[in-house]
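Hello,

Here is the structure I promised to pass on. Please open it next to this email and follow along.

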Amino acid sequence: MSRDMNGAAILVTGGSSGLGAAVVTAVAKAGGRPYVLDRRPPADGVPWVECDLADTRAAEAATRQLAERSGGLDAVVTAAGIDVPGKLADVPGETWDRIVTVDLLATAAVVRAALPFLQASRGTIVTVASTLGIKAVSDATAYCAAKFGVVGFTRALAAELAGTISVTLLIPGGMRTAFFDDRDPTYQPGPDAHLNDPADTANAIMFALTQPAGCAIREMIVCADQETSYP
């Protein structure tokens, strides 16, 4: 019997755009209560806390603030992510560090702060890696390092929390979002690129969130069927 999302409090990082916004929409449609951590406001009426996830201690504090405001948490989805492609020698050090911090260290920080609330509800954690967390490519050293790290972090976390909190690793391929918009054209998908609708990836996340206690979807790879970054 699937877990009822009606009234469930779901914290979504990066919930103001892209995959995160699609998850917020899917949660609300299922009767859940989405809460957002982001630097920009989410859709009207969605409770949120402004937070730069590059400040991991602030991310922890914001997570606790939202959890207390909502009366607890039933799930966390760490959808926030950034990337600035380029050769290692060409990407400024502070930019490289920020990518790893937002994509990996903030994931761990938010999860760490949410643990007491999720343990109380026997809740669910869904971390968002990437197909570039299992396949390395040129000009993506920071992003690959971070997303490979999310894969390892989540697999270890699943072993650590088994029997108390359900943990799912999502490995998505490219999606039709603003993620690529600010890049040098060299690193933007071409007009014929096969990209997924973020709503479809969000539906896969909802499948993981609605599993009954004791049934865990450990890992999911979700991508367009002709996605070139997988395998």
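This is a predicted model: local features need pLDDT of at least 70, side-chain atom pairs count only at pLDDT 80 or more; totals for chains, interfaces and linings use all residues.

Seven strands form an open sheet with parallel pairing. Their order is β3-β2-β1-β4-β5-β6-β7. Strands β3 (48–50) and β7 stand at the edges. Each has a single partner strand, so one side of each has no neighbour in the sheet. From one strand to the next, the twist averages 15°.

Look at β1 (residues 9–13) and β2 (residues 33–38). They pair in the parallel sense over five bridges. I10 stands opposite P34 in β2. Helix α2 (residues 56–70) lies across β1, β2 and β3, and runs at about 160° to β2.

**The salt bridges.** The count comes to six. One of them joins D52 and R98, with the closest N and O atoms 2.9 Å apart. D52 sits in the loop between β3 and α2, and R98 in helix α3 (residues 93–121), so the pair ties together parts 46 residues apart in sequence.

Another joins R112 and E60, at 2.6 Å between the closest N and O atoms. This pair links helix α3 to helix α2, 52 residues apart. E60 counts as buried, at 9%. R57, E60 and R112 are linked in a network of salt bridges.

**The surface.** I134, I221 and Y230 form a nonpolar patch, with about 230 Å² of accessible area together. I221 lies in strand β7 (residues 219–222).

Best wishes

Note on methods. Residues are numbered from 1 along each chain as its sequence is written. Side-chain values use heavy atoms; hydrogens and water are left out. Patches are made of residues with over 30% relative accessible area and no salt bridge: like charges are joined within 9 Å, nonpolar side chains (Val, Leu, Ile, Met, Phe, Trp, Tyr) within 5 Å. Accessible areas come from the Shrake-Rupley method with a 1.4 Å probe; for residues, only the protein chains shown count as cover. A salt bridge is a side-chain nitrogen of Lys or Arg within 4 Å of a carboxyl oxygen of Asp or Glu. Helices (H or I, at least four residues) and strands (E, at least two) are DSSP runs, numbered from the N terminus. Two strands pair if DSSP finds at least two bridges between them. Axes are lines fitted to C-alpha atoms, for helices over the stretch in contact, and angles run from 0 to 180 degrees between N-to-C directions. Contact means heavy atoms within 4.5 Å. Buried means under 20% relative accessible area, exposed over 50%, partly exposed in between (1.4 Å probe, protein chains only).
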